[in-house]
Amino acid sequence: MGFKCGIVGLPNVGKSTLFNALTQTAAAEAANYPFCTIEPNTGRVAVPDERLETLATLAKSAKVIPTFLEFVDIAGLVRGASKGEGLGNQFLANIREVDAIVHVLRCFEGEVTHVEGDVDPIRDADTVETELMLADLESLERRIAPLEKRAKGGEKEAKGQVAIMEKALVLLREGRPAREVALEEAEEKPFEMLQLLTAKPMLYVCNVDEESAADGNELSARVAARAEQTGAAWVVISAAIEAEVASLDSDAEKQEFLESLGLEETGLTRVIRAGYGLLDLITFFTVGPKEARAWTVRRGAKAPEAAGVIHTDFEKGFIRAETISYDDFVASGGEQGAKDAGRMRLEGKDYVARDGDIFHFRFNV
């Protein structure tokens, strides 16, 4: 499984330019006016992982299949979106469907018109997130009233739901996102079912000028400080550089271009790494002569759940997982070498998958 990130932000901050670069398409029109993206554009991006190529080489795999990350380019939000301004209701509904929010903030000066007249990423962040909080506040206040009546009637489940909602309402009324709510373990699932916009993990993407791509600038430093205060993640990229990299034909050309700018990797790689950390994801592999393939699962998933990512039958009929760590697979020169060295383990239903595990699932349906 991959995961879906919604790219949001005010108009003309570089959202569609970033989306086009990430997906290496021109599916989203990057134009110098608001709402050039009316319907959400969706693109699947391969997750770069050097380990996959190494495994494929050792196993002489005929095909190499990465895992994927899905980006949704959502049209620019404006002040009043929670009340329907700027086609806001439609855009808020699109945000509700994603797993995490990639909030692009303009951290560069330039000729492109800014919807607020000048460049201030903290103000822009406040504008968008206030609309998300207002939408959450309206949603909770509408839903809590009937639940309170049921709770007063002694309904235990309703009491629990009201308690969770009240925790979120306290924060939202203080102007703080719902992701800061302190929850007991038993409250996590019911809270998730509320589908609050501000409960989603947030990644700030500081879109800087080319000269600031390596180390950021004063504007991106302010965003980094905000991220640390609000429990969000952040990354610095230059959408303009990403667009140039995407236009180059060969990997060698891309690497040479990045090095000329003092960069070791693309912004896409940094966004994916930040996204993985944000959603607490890990990668496991299946390797053989036909294909070497990467798969994504949430950290803490047990072996049957990982098997279910490949096929639901694998999870239903799970028997055991033949497991080799990535380091052992490489050090032993492949699967047979790992077996000969006693590095292959048989793991059962309670085994928690680890990043880099190579699995061969045994199942019976």
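A salt bridge is a side-chain nitrogen of Lys or Arg within 4 Å of a carboxyl oxygen of Asp or Glu. In this predicted model, a search of the whole structure finds 21 salt bridges.

**Figure 1. Salt bridge between Asp 355 and Arg 51.** The closest N and O atoms of Asp 355 and Arg 51 are 2.9 Å apart. Asp 355 sits in the loop between strand E11 (345-347) and strand E12 (358-363), while Arg 51 belongs to helix H2 (residues 50-59), so the pair ties together parts that are 304 residues apart in sequence. Asp 355 has a relative accessibility of 39% and therefore counts as partly exposed. Asp 49 also takes part here: Asp 49, Arg 51 and Asp 355 are linked in a network of salt bridges.

**Figure 2. Salt bridge between Glu 138 and Arg 142.** In this pair, 2.9 Å separates the closest N and O atoms. Glu 138 and Arg 142 are 4 residues apart in helix H4 (residues 121-152), so about one helical turn separates them. Glu 138 is partly exposed, because its relative accessible area is 40%.

**Figure 3. Salt bridge between Arg 299 and Asp 280.** The closest N and O atoms of Arg 299 and Asp 280 are 2.8 Å apart. Arg 299 is in the loop between strand E9 (291-298) and helix H11 (303-310), and Asp 280 is in the loop between helix H10 (267-279) and strand E8 (281-287); the two residues are 19 residues apart and link distant parts of the chain. Arg 299 is partly exposed, with a relative accessible area of 49%. Asp 280 is also partly exposed, at 38% relative accessibility.

**Figure 4. The largest nonpolar core, with 53 residues.** In soluble globular proteins, nonpolar side chains tend to be buried together. Here, Phe 71, Ile 95, Leu 203, Tyr 204 and Val 205 touch the most other members of the core. H10 gives the largest share of this core, 6 residues. Beyond its neighbours within four places in sequence, Phe 71 is in contact with residues including Cys 5, Ile 7, Phe 19, Val 102, Leu 268 and Val 271. Another core, of 19 residues, lies apart from the largest one, and among its members are Met 133, Met 165, Ala 168 and Leu 194.

**Figure 5. Confidence along the protein, with a mean pLDDT of 86.** A pLDDT of 70 or more is reached by 88% of the residues. Confidence is lowest in helix H3 (residues 88-96), at a mean of 72, and highest in helix H13 (residues 326-331), at 98. Over residues 25-38 the pLDDT is below 50, and this stretch has 38 contacts in the model beyond near neighbours in sequence.

Note on methods. Residues numbered from 1 in each chain as written. Predicted model: local features only at pLDDT ≥ 70, side-chain atom pairs only at ≥ 80, totals over all residues. Heavy atoms only, no water. Buried < 20%, exposed > 50% of the residue type's maximum accessible area, 1.4 Å probe, protein only. pLDDT = per-residue confidence, 0-100. Contact = heavy atoms within 4.5 Å. Core = buried A, V, L, I, M, F, W, Y, C linked by side-chain atoms within 4.5 Å.
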